[in-house]
Amino acid sequence: MKHLLNLLAAVALLVWGTHLVRTGVLRVFGGDLRRFLQRSLGNRFSAALAGIGVTALVQSSTATSLMTSSFVGQGLITLPSALAVMRGADIGTALMSVLFSTDLSWLSPLFIFTGVVLSITRPASPAGRFGRILIGLGLMLLALQLVVQATGPLFESEAMRAVIASITSDLMLEITVGAALAVVAYSSLAVVLLVAAMATGAVVPLDVALGLVLGANLGSGLLAVLTTAKSPPAVRQVTVGNFLFKLLGVVIAAPFVGLVLRHAPTSLVDSPAQLVVMFHLAFNVIASVAFIGLTTAVAKLSMKLVPVPRTPATGSRPRHLDPSALSTPTLAISNAAREALHQADVVESMLIGVLTVIRSNDLRLAEELRKMDDQVDRLYSDIKYYLTKISREALGEEESRRWTDIISFTINMEQIGDIIERVISDIEDKKIRPHRNFSEAGMAEIVEMHERLVANLRLGMSVFLNGNVRDAQKLLEEKVRFRDLERAYANTHLTRLMDRTTPSMETSSLHIDLISDLKRINSHICSIAYPILDSAGALAPSRLRSSLVGADDPH
């Protein structure tokens with residue numbers, strides 16, 4: 001029992017070390033990796049090379065698959081390009097297995113010591129995060145030593161030898177066990193290294209080891225499919241296509257396992273562990289090179305297996321909150337920002353519809369607009385919940401600020417939706433049902449304020465998306481102009497009352513409340529500018545700095 005516990009602990013340590021390296025690299029270099037991938041997608045060969053590089057860094061083809069899938073879900077790259085990236089990702093993880101199979105035990109204490117020092121002394125800095133990557137690498141190397149030490153005594157027992165002997169009788173069983181181990185360990189790299197260590201100690205025969213390696217490759221593809229099971233169809237198409245490639249490769253390679261054992265070049269392979277990792281590398285290189293020309297065909301098959309619904313998604317459903325992107329904070333933040341813009345699009349539709357209701361007295365449209373506020377509220381809740389699942393510790397200073405900006409933006413959109421809902425109810429109760437109308441002058445004022453408000457909302461969405469300081473400045477200036485416009489139109493309305501204009505008298509309460517509510521909406525829109533200007537140091541304690549506003553600005 002003691003030897004079994006030692007082996008389980010060593011395997012757990014190997015998996016945990018792989019996890020530390022993967023998450024650490026994504027947190028430190030996630031944004032750069034995303035940009036590198038996007039710049040490298042000009043053709044399928046450069047995409048494959050990019051996949052090799054990214055996967056070598058993150059130590060996981062599954063992580064690369066999830067990152068690439070998110071790009072497809074956002075419409076940033078095409079499905080064939082994503083599948084080409086995955087062909088390179090398979091080679092990348094195989095290369096890392098070859099590297100870790102060499103005797104790097106002397107690096108383990110160095111990596112762990114340096115990593116702990118950096119992590120403790122500078123915990124919130126990039127150096128501290130890099131320290132956690134070094135700790136992960138050190139733990140992986142240490143775990144491999146412990147696996148070799150623990151397997152010897154354990155597998156000397158007759159019972160364990162009988163279990164191993166039962167596996168050797170069925171190649172399909174070996175592949176199934178290897179796939180299951182890869183799914184449970186969340187890493188095919190860890191499983192291949194484990195199998196290599198067990199082969200070194202003669203714990204498993206070489207033919208079993210190679211079968212387990214094929215299974216580990218198949219399991220990594222299955223793992224990505226399971227991880228993205230609840231993602232949008234465009235995201236799942238990547239992982240399904242990648243799984244199809246792996247399945248095809250395993251089906252073709254399985255009959256040749258015995259041939260590999262008989263004709264393995266002894267000049268290149270001098271140990272069982274080296275044979276295991278070199279077989280893993282050869283399998284992935286040959287499969288990737290042979291299948292890279294099939295990316296378009298497999299992409300079409302994936303789209304048939306996972307079709308995108310033709311009916312447009314309802315506005316209440318999130319479109320960009322991909323759960324598989326949460327392991328990459330920069331990507332998750334980008335998804336949340338895109339969903340916030342989706343929420344703003346719904347608010348814009350509500351705002352535009354208000355004027356139509358005022359002009360046409362359309363009660364059915366009014367009811368639809370009120371229901372859209374429920375959509376805005378649900379999107380706000382979904383975005384907020386998604387953001388809370390992003391580890392704040394994994395975010396840098398800029399990402400943390402963006403996290404806060406998104407929360408603030410969605411709150412403002414939700415409050416604007418609530419105001420619009422109340423405005424529509426007032427229009428129904430005070431104008432449509434009593435069959436009243438605004439005066440011609442009053443209607444012109446409302447139309448002008450509404451047009452300025454829609455323009456400001458669109459400018460606010462641009463400010464939120466791009467963070468342009470000059471546009472943020474213009475937006476904040478609009479707050480003062482809109483307030484002055486509201487005061488001016490309130491005074492002209494009082495003048496019409498003094499002249500006893502009948503339509504103005506009948507709609508007086510609604511008119512005053514409406515222009516006041518439009519001003520409140522504008523205030524929420526303009527508040528989008530504050531975080532941008534504050535980050536740029538463009539805000540004085542009580543007003544915009546004159547150096548940015550300009551000497552000719554009246555505010």
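In the predicted model described here, R481 forms a salt bridge with E477, and the closest N and O atoms of the two residues are 3.7 Å apart, a salt bridge being a side-chain nitrogen of Lys or Arg within 4 Å of a carboxyl oxygen of Asp or Glu. Because R481 and E477 are four residues apart in helix 19 (residues 469-498), about one helical turn separates them; helices (H or I, at least four residues) are DSSP runs, numbered from the N terminus. An α-helix has 3.6 residues a turn, so residues three or four places apart point the same way. R481 is partly exposed, with a relative accessible area of 30%, whereas E477 counts as buried at 9% relative accessibility, where buried means under 20% relative accessible area, exposed over 50%, and partly exposed in between (1.4 Å probe, protein chains only).

Residues are numbered from 1 along each chain as its sequence is written. Because the model is predicted, local features need pLDDT of at least 70 and side-chain atom pairs count only at pLDDT 80 or more, while totals for chains, interfaces and linings use all residues, and side-chain values use heavy atoms, with hydrogens and water left out.

E486 is buried, with a relative accessible area of 13%, and K519 is partly exposed, with a relative accessible area of 26%.

A further salt bridge joins K430 and D513, with the closest N and O atoms 3.3 Å apart. K430 lies in helix 17 and D513 in helix 21 (residues 508-526), so that the pair ties together parts 83 residues apart in sequence. K430 counts as partly exposed at 27% relative accessibility, and D513 is partly exposed, with a relative accessible area of 29%. A network of salt bridges links E367, R370, E428, D429 and R433, and the count of salt bridges comes to 13.

K431 is found in helix 17 (residues 397-432) and, at 2% relative accessibility, counts as buried. Leaving aside neighbours within four places in sequence, K431 is in contact (heavy atoms within 4.5 Å) with I358, N361, D426, R436, N437, F438 and L510.

Helix 10 (residues 206-227) has 22 residues and reaches 31 Å from its first C-alpha to its last, close to the 32 Å expected at 1.5 Å a residue, the expected span being 1.5 Å times one less than the number of residues. Helix 10 is mostly covered, with 16 of its 22 residues buried.

With regard to confidence, the protein averages a pLDDT of 78, and 77% of the residues score at least 70, pLDDT being the predictor's confidence in each residue, from 0 to 100. The pLDDT is below 50 over residues 311-315, a stretch that has five contacts in the model beyond near neighbours in sequence. Over residues 546-555 the pLDDT is likewise below 50, and this stretch has 11 contacts beyond near neighbours in sequence.

Definitions and conventions:
Helix = DSSP H or I, 4+ residues; strand = E, 2+ residues; numbered from the N terminus.
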